[in-house]
Amino acid sequence: MTTAPVAEAPAVPMTAKRRGAQLVMLAFAIVVVMGAYASVGLGINGQIPSGTFTYGLGLAALMFAAYGVLAKWAPWADPLLLPLVTLVNGLGLVIIYRIEQTGQGGASATNQLMWTALGVVMFSATLIVLKDHRALQRLTYTMGFIGLGLLVMPLLPFVGREINGARIWIGVGPFTIQPAEFSKLALVIFFAGYLVAKRDVLALAGRRLLFIDLPRARDLGPVLATWGLSLGVLILQKDLGSSLLVFGTFIVMLYVATQRTSWVLIGVLLFIGGAVLAGQLFGHVQARFEVWLHPEAPEFYDRELGGSFQLMQGLFAFGSGGILGTGLGEGFPNLIPLSFSDFIMAVVGEELGLTGLMALLMVYALIVQRGLRTALAARDPFSKLLAGGLSFILAWQVFIIVGGVTRLIPLTGLVTPFMSAGGSALLANWILIALLVRMSDAARRPPPQAIQNEGLTQVFTR
Amino acid sequence: MNGTLKRAAVACMVMFGLLMINVNYLGAVKAGDYSTDNRNTRSFYKRYAVDRGWITANNGKTTLAKTVDTKDAEFRYEREYPNGRMYAHVLGFFAPESARGIELNENKLLDGSDPDLVVGRLIDFVSKKPPKGASVDLTLIPAAQKVAYDKLRASGKRGAVVALDPKTGAVQVMVSLPTYDPNELAIPDRGKVAAAYNKLADDDTDPLLNRVTEKTYPPGSTFKVVTAAAFLEADRSRDPETTVPAPQVLDLPGTTAGLPNYGGAACGSGEVTLRFALERSCNTPFGQIGMDLGWDTMREESAKFGIGEPIDFDLPTAGTTIGPEIETAALAQLAIGQRDNQQTPLQMAQIASAIANSGVLMKPTLINKITDPGGSVIEELKPSQLDEAMSGEVADELKQMMVSVITNGTGTGAQIPGVTVAGKTGTAEAGDAPAPHAWFIGFAPAEDPKTAICVFIEAGSAGNDATGGGTAAPLARDVMQAVLEAK
């Protein structure tokens with residue numbers, strides 16, 4: 001960080017609040033979702049489902065409430081974020097409703113709508129309570145402990161639950177919660193606060209070896225600690241996805257904070273080391289890798305545990321979608337195990353086709369882009385790092401899971417943000433968006449005008 | 001910090017770019033492999049998601065194959081064949097993983113995927129209706145088909161009956177026995193269908209085989225009309241009254257064996273008219289004619305009837321041939337439809353049809369018209385000429401002789417009261433088997449032919465003393481009569 005943040009402020013034009021445009025876009029997103037919802041019914045039995053208006057109006061009421069909160073408590077916020085998230089969340093609801101119609105167990109649109117409602121409550125609460133996000137900077141270490149605590153919670157006896165082979169759940173009464181989703185938020189806040197405090201040391205100290213600046217050995221501490229934490233998650237919880245998510249985000253934030261490429265190299269080397277180590281030590285990691293390389297092979301396809309059956313069924317779905325897809329309600333999501341969770345993108349690929357996938361990826365890319373723009377426009381290093389980290393973790397999560405189900409990279413389980421069925425992820429991601437909205441409000445708000453502006457000038461010239 | 005943030009933004013852009021490239025790669029490059037992977041059950045389910053077009057005959061008045069909406073979530077539309085066994089070899093079947101017959105040949109129209117139906121399909125897609133296919137109307141005449149099927153089945157024989165409209169090439173009757181029930185192969189249960197199919201495929205009587213088009217047999221004496229046509233065409237001073245040598249046994253050059261007449265009988269007084277030779281179906285005159293005409297003339301005349309030429313038909317057809325050019329003795333044998341002379345019943349019906357149609361050979365077809373789901377006709381039978389097999393004059397002379405065959409020759413069994421029938425019988429040695437194939441080709445009414453027919457009874461299914469005149473001609477008579485009544 002060489003330039004002072006204040007000097008950068010004029011680079012971002014101070015436009016209007018654009019609340020009207022946001023309202024129109026929000027209405028448009030809801031119309032798209034309602035259309036999709038009606039389309040599912042038409043596809044399945046030729047009738048518009050009776051719930052179209054209940055679900056549609058329910059979603060509309062929620063989103064306009066969120067809009068109201070945003071307009072009152074964050075009037076200068078980015079106008080695109082809320083409509084984009086509404087669209088993705090709404091389409092997720094439609095797809096889950098569609099899967100529910102096939103009778104696949106575990107998919108419930110009503111539950112998902114309820115969680116969406118709770119998500120909007122969390123979104124609103126975050127905006128109302130958190131007047132200034134910089135308060136979070138003071139909670140850096142608290143957040144670190146919370147993040148760590150949430151991450152290890154599923155390992156504790158009594159509360160921890162193991163579902164589908166991964167120990168990443170805790171039971172609270174009748175609900176199961178995936179604390180890692182909240183942990184990722186706390187950890188990004190912790191990383192941002194910590195890196196702002198330590199970045200000078202991490203950026204400058206060190207010596208040059210060949211063509212690269214190496215940090216001092218003792219400064220490797222935080223990187224190694226995060227690496228150890230990720231490996232711990234991988235080993236103890238068999239949660240490849242979260243492990244990769246946290247470590248990758250930390251490395252990128254470290255790079256953004258220190259501007260030092262060597263951190264990225266060190267990170268990549270540590271990642272490769274960790275992956276090789278884990279691959280040799282643990283069967284399930286190696287199984288994922290084999291399946292990625294040869295999903296078609298019958299011995300992997302038929303393998304009971306860690307086989308490629310699910311991946312192949314997902315790929316068949318992508319393949320059958322074509323350009324326009326089969327149309328909502330006319331594919332075969334029931335052929336893919338857990339289609340409402342990790343593999344929801346395969347259902348999108350089949351029923352909405354390449355067009356739908358490209359559009360949806362574009363919407364995700366736009367959300368990330370709005371977040372990164374907020375980071376660029378932010379006026380202090382903590383906000384920059386936090387907004388950048390939150391945007392990146394969202395993009396990184398989409399990349400890991402969508403890349404996994406499309407066989408771009410080995411499959412590691414993660415939810416698709418805002419789409420997959422599951423309350424924890426939905427709540428956590430709505431909080432994430434609330435933080436971005438809060439920061440974009442701060443970044444876009446015109447700086448207070450100095451009253452004595454002209455007078456000062458006169459004094460200076462005199 | 002903005003510099004590195006921008007680089008992180010570029011990294012995000014690259015990640016989304018990679019995802020987009022990859023989904024396109026899946027959709028464009030890998031999709032083909034995935035759709036044919038037999039572990040992908042989608043194609044199996046999808047077959048039953050289409051409101052498949054119906055197959056009808058008699059301008060839509062008779063339903064041959066229909067689609068039933070079961071409202072079942074998994075297999076919504078099922079295929080039924082109301083008179084399956086009778087039409088099995090024409091319709092084929094629509095099985096979970098395969099199809100045959102018209103179901104296969106017209107599949108793209110029936111399931112709506114043909115480019116001609118793209119507009120309707122788009123409308124169905126947008127309005128979320130299940131895709132609907134075009135319906136196909138066949139040229140078959142159900143009343144005559146039923147007569148052919150019932151009579152042939154009642155006789156307990158294996159064989160084939162095919163009748164054509166000589167002027168248009170429209171197939172009026174197509175029956176092959178033994179047959180099978182296509183309904184058993186159309187149920188949406190891969191295991192059961194595979195079992196049923198294997199049982200049929202292992203059956204020694206070969207019920208899956210369409211004997212009209214898919215297998216060739218020696219045509220025997222019915223082929224003499226081709227030899228006669230070549231003989232008359234070669235020299236226009238010849239006519240049915242031209243005399244030809246008719247020894248009791250024809251010497252075959254290069255062999256010790258001779259070519260006798262049927263049953264070793266004499267044929268006239270050693271020299272007979274062409275008409276008499278055809279009426280009595282003498283072997284020796286036609287054997288001599290074949291050898292006199294030579295390979296080139298026989299081949300050329302056969303080709304004009306379509307023999308040895310690939311045929312563009314709605315069902316798969318076996319290749320026909322008069323046999324390879326070898327010693328001269330073979331020429332005498334092929335001229336009477338023996339040795340390596342191999343024809344399908346469809347080809348023999350084509351020969352009768354060309355003679356009936358003043359020498360003009362029409363392209364055979366089963367499709368009367370194809371109607372899109374909206375009711376507008378997208379394809380209609382347009383008669384097309386394949387070749388001119390002979391001059392109209394020669395055709396007339398052949399016709400006269402074939403009428404004589406029915407009135408006072410070997411084909412009296414095919415007489416229809418009040419109708420002039422023309423025809424030719426055939427009794428062909430089938431390899432070393434003691435029993436012969438029995439054939440009849442012909443057409444009626446001779447003055448203005450409305451139907452040309454070929455009846456084929458497979459060797460061994462009608463006893464050792466089966467003959468074309470005794471076994472095949474009466475069946476041909478019944479079927480022709482049924483066609484004429486229906487017309």
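Mentor: Some ground rules before we start. Residues are numbered from 1 along each chain as its sequence is written, and chains are lettered from A, with ligands numbered from 1, in the order in which they are written. The model is predicted, and local features need pLDDT of at least 70, side-chain atom pairs count only at pLDDT 80 or more, while totals for chains, interfaces and linings use all residues.

Trainee: What makes a set of residues a nonpolar core?

Mentor: The set must be buried Ala, Val, Leu, Ile, Met, Phe, Trp, Tyr and Cys residues joined through C-beta atoms within 7 Å. The largest one has 160 residues, of which A:Val33, A:Ala192 and A:Met253 touch the most other members. Helix H16 (residues 381-405) of chain A gives this core its largest share, 16 residues. A second, separate core of 126 residues includes B:Val171 and B:Ala230.

Trainee: Which residues does A:Ala192 contact, leaving aside its neighbours within four places in sequence?

Mentor: They are A:Met253, A:Phe382, A:Leu385, A:Leu386 and A:Gly389. A contact here is two residues whose C-beta atoms, placed from the backbone, lie within 7 Å.

Trainee: How many residues does each chain bring to the contact between A and B?

Mentor: Chain B brings 30 residues and chain A brings 41. On the side of chain B, the largest share, 21 residues, comes from H1(B). By class, that side has 16 nonpolar, 9 polar and 5 charged residues; Ala, Val, Leu, Ile, Met, Phe, Trp, Tyr, Cys and Pro count as nonpolar, Asp, Glu, Lys and Arg as charged, and the others, Gly among them, as polar.

Trainee: How do you know that E1 and E6 of chain B are paired?

Mentor: Strands pair if DSSP finds at least two bridges between them. E1 (residues 55-57) and E6 (residues 135-138) of chain B have 3 bridges and run parallel, so they meet that cut-off. One bridge sets B:Thr56 against B:Asp137 in E6(B). Both strands sit in an open sheet of 6 strands, in the order E3-E2-E1-E6-E14-E15 (chain B), with mixed pairing.

Trainee: Why are E3 and E15 of chain B at the edges?

Mentor: Strand E3 (77-80) and strand E15 (377-380) of chain B each have a single partner strand, so one side of each has no neighbour in the sheet.

Trainee: How close is helix H3 of chain A to its expected span?

Mentor: The expected span is 1.5 Å times one less than the number of residues. H3(A), residues 52-73, has 22 residues and reaches 31 Å from its first C-alpha to its last, close to the 32 Å expected.

Methods:
Buried ≥ 20, exposed ≤ 12 C-beta atoms within 10 Å, placed from the backbone. Helix = DSSP H or I, 4+ residues; strand = E, 2+ residues; numbered from the N terminus.
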